[in-house]
Amino acid sequence: MLTTIVLLFVFAVPVIFAVQPMLGPRLTIPQDTGRSPESLKRKKQLLYRQIKELELEHGLGLVPENEFNTLRQELKKQVSEIMEAIRKHS
Amino acid sequence: MTPVAGGYALNLALGFSLFSIISVFWFHYNKDARLYFTAQRLVLGSCLLVGFATFVLAAELINSNFDIDYVAHYTSLETPAVYKLTALWAGQEGSLLFWLFILSIYAGTVVIQNQRRNVNLMPWVLVVLSVVMGFFLVLTNFVANPFAPTDADFQVMNGNGLNPLLQNATMAIHPPTLYLGYIGFTVPFAFAIAALISGDTGSLWIRSVRRWTLVTWMFLSIGIILGGWWAYQELGWGGYWAWDPVENASFMPWLTGTAFIHSILIQEKRDMLKTWNMVLIILTFSLVIFGTFLTRSGVMSSVHSFSASSLGPLFLGFVFFLLASSFALLAWRYSSLKSDSKIQSISSRESGFVFNNVLFVVLCFAVFWGTMFPVLTEAVQGTKITVGPPFFNQIVTPLALALLLLTGVGPLLVWRKTSKTSFYKNFPIPIFIGLTAAIVLIIIGFGSSVVMTASLSAFVLAAIMLEFGKGMQIRKTKLGETYSASLMHMISRNRSRYGGYIAHVGIVIMFLGFTGKAFDQEAEWGLRKGEEGHLAGYRFSLVQLSEAERPNHYAWIAEISVEDIGGEKVTSLHPEKRVYFHNNPNPDRRQPHSELDIHSTFRRDIYSVLSAVDTESGTAFMKIMINPLVRLVWIGGIILVFGTLISLWPRKEAN
């Protein structure tokens, strides 16, 4: 008897867990346009990482001087834009 | 009652997988997010139910419930408890459930990590995960049910027991790690397909799967190395890789997976190779399923394969379905995968990566061709023409050496174009070290293969050391750090790059270990107590031959004293000849097995096998092998894993 109850519980729990969202009101998910604060922060970290990597590769002699300057400038510009967007959000 | 519950759990899990697919499609048209969250929960529920079923089977194996056919087939009352548990993946049905269990862990982790993230990709990721889970659930529900009852009209008092070859500690770890590697490729594949379906084919999916792919690749590498270690320790032929079809089945996705982890770097940095990356991950995952087909269909005879079954056509059909649907999606999205960036020079770092990728794929094709040739000849001519290790060694060796060369050349190349100035700045030292090593080895008298491998290894190591040296010098000059501090900081702040280099060092050391194979020596003798044999400057004498009865086998144990040319004792070896299930009244069911003993040093292994025993004359028939540099293979493997772990270690983000 106890085994049956335990097994019913084992099978009922996942079913209830799975259908539970359908019992609430209709929901919509905002599509990820890449402009949410979390998304912007992630992008900022990624750009920082790219700048650091670029500087290291330049130091190692793996990126030519003119390309280093152009890319670094471009990445820094992107960071400024993102920081501005984050500032507006906050 | 509980075995039945295991079966019901699998039924319900299949239903959950199907409904999660339906929910996502419904969500796609309806845009009601409740359906998306329901799909997520259905996948999680399916994972929990598979986990429950796995737990039930494991419990029945440990409790020796011989009413279940699987338990009766792969365990016996005498099987030690730990091997009762490892019997979970010893047979077809159990290993399919175990496959599902690992896939559940991965799928559950993906869902939990991405509950509110990657909303463009995740619905389709759920669909792919559910399709793959659904396929394996169909197999475990309808074709290879691990909970099927014993087909006997009497009570089964004892089981067949586990194959003695599988009663080995490495075997307790090798299959799970290999499975973790194999199955993990489902996740990057799911993200790739999701990117194709959603049209979000930028670098988002690459960033989402980079870490997953590395984890998976690391487990596959560990699994392959442990498989070699197990073969070396257990099979008694003195080698670790035999180009066995099932070994090849794990090696092929490793090759394309390795190409993939290199080529995604190009997409991340240069926004190039987008289509190629899709092709690579589709091929890798298809090869995973194809490898499973090879192991489980019975088309290949191998020490690893399961017996012939009806699963073959299903797996083959699934491979064709995956390839056809994936490439159809790829063709549909081809225009969005085109890149504006182009490779500007053959001497660029990008070119180095492309050459590396081409070599990996050609190598994979060569292994695929050699593996499938016997099957194809049998299908076409009616006779099976077996392709052995000489074919593979002949084809694979030059390609592998070319890859080794690129491992050294790659870090020295400059993005876009390596100018003459850069070439003269980066290349002379590694080339000088490689050439010096070659000249020294030629003077000593080594053959061309050893000279080639060792000099290339020296070149690669020099190139990597140069990279480390330059990085440390920059930090020292800019920040005034000591060399040791700059090394630590440099690695910890650029884990991906330097972890990768450390993994390359591991590969080089493994290559050096492989060269030792050219110098293997072996001898076979029948010795009685006090008699001796000589090999490679060592004297082997049989000190005694004893017997022992243990819980699950009977053993004859030879004590062999090993002395060097000067008469100094090196070691004592104790190889055993065992008979498992020795108490079984049916002699056909008793299984003989040779348990080896190995004395391992950096220079060489002394490898002993007790092949047979003549109890009447007290003669021990033994095989002794001297295997140089084998330890380097294992050490290289450890360094490879260590380097990958460094690459994987989460970084602390700077503000």
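Author: A residue counts as buried if 20 or more other C-beta atoms lie within 10 Å of its own. By that rule, buried residues make up 47% of the 655 residues in chain B. The model is predicted.

Start with the chain that holds the sheet. Chain B has 20 helices and 10 strands. Its C-alpha trace spans about 80 × 75 × 55 Å along the principal axes. Take the contacts in chain B with a separation of 6 or more: 71% of them join residues 24 or more positions apart.

Now the sheet. Four strands of chain B form an open sheet in the order 1-10-9-8, and the pairing is antiparallel. Strand 1 (521–527) and strand 8 (597–600) are the edges, each pairing on one side only. From one strand to the next, the twist averages 15°.

Look at strands 9 and 10 of chain B. Strand 9 covers residues 604–614, strand 10 residues 619–628. They run antiparallel, joined by 10 bridges. One pair can be named: B:Ala612 has B:Phe621, in strand 10, as its bridge partner.

Last, the neighbouring chain. The contact between the chains takes 34 residues from chain B and 27 from chain A. On the chain A side, helix 1 (2–19) and helix 2 (37–59) each supply at least two residues. Helix 1 of chain A gives the largest share, eight residues. That side of chain A divides into 17 nonpolar, seven polar and three charged residues.

Notes:
Residues are numbered from 1 along each chain as its sequence is written. Chains are lettered from A and ligands numbered from 1 in the order in which they are written. This is a predicted model: local features need pLDDT of at least 70, side-chain atom pairs count only at pLDDT 80 or more; totals for chains, interfaces and linings use all residues. Two strands pair if DSSP finds at least two bridges between them. Axes are lines fitted to C-alpha atoms, for helices over the stretch in contact, and angles run from 0 to 180 degrees between N-to-C directions. Two residues are in contact if their C-beta atoms, placed from the backbone, lie within 7 Å. Ala, Val, Leu, Ile, Met, Phe, Trp, Tyr, Cys and Pro count as nonpolar, Asp, Glu, Lys and Arg as charged, and the others, Gly among them, as polar. A residue is buried if 20 or more other C-beta atoms lie within 10 Å of its own, exposed if 12 or fewer, and partly exposed in between; C-beta atoms are placed from the backbone.
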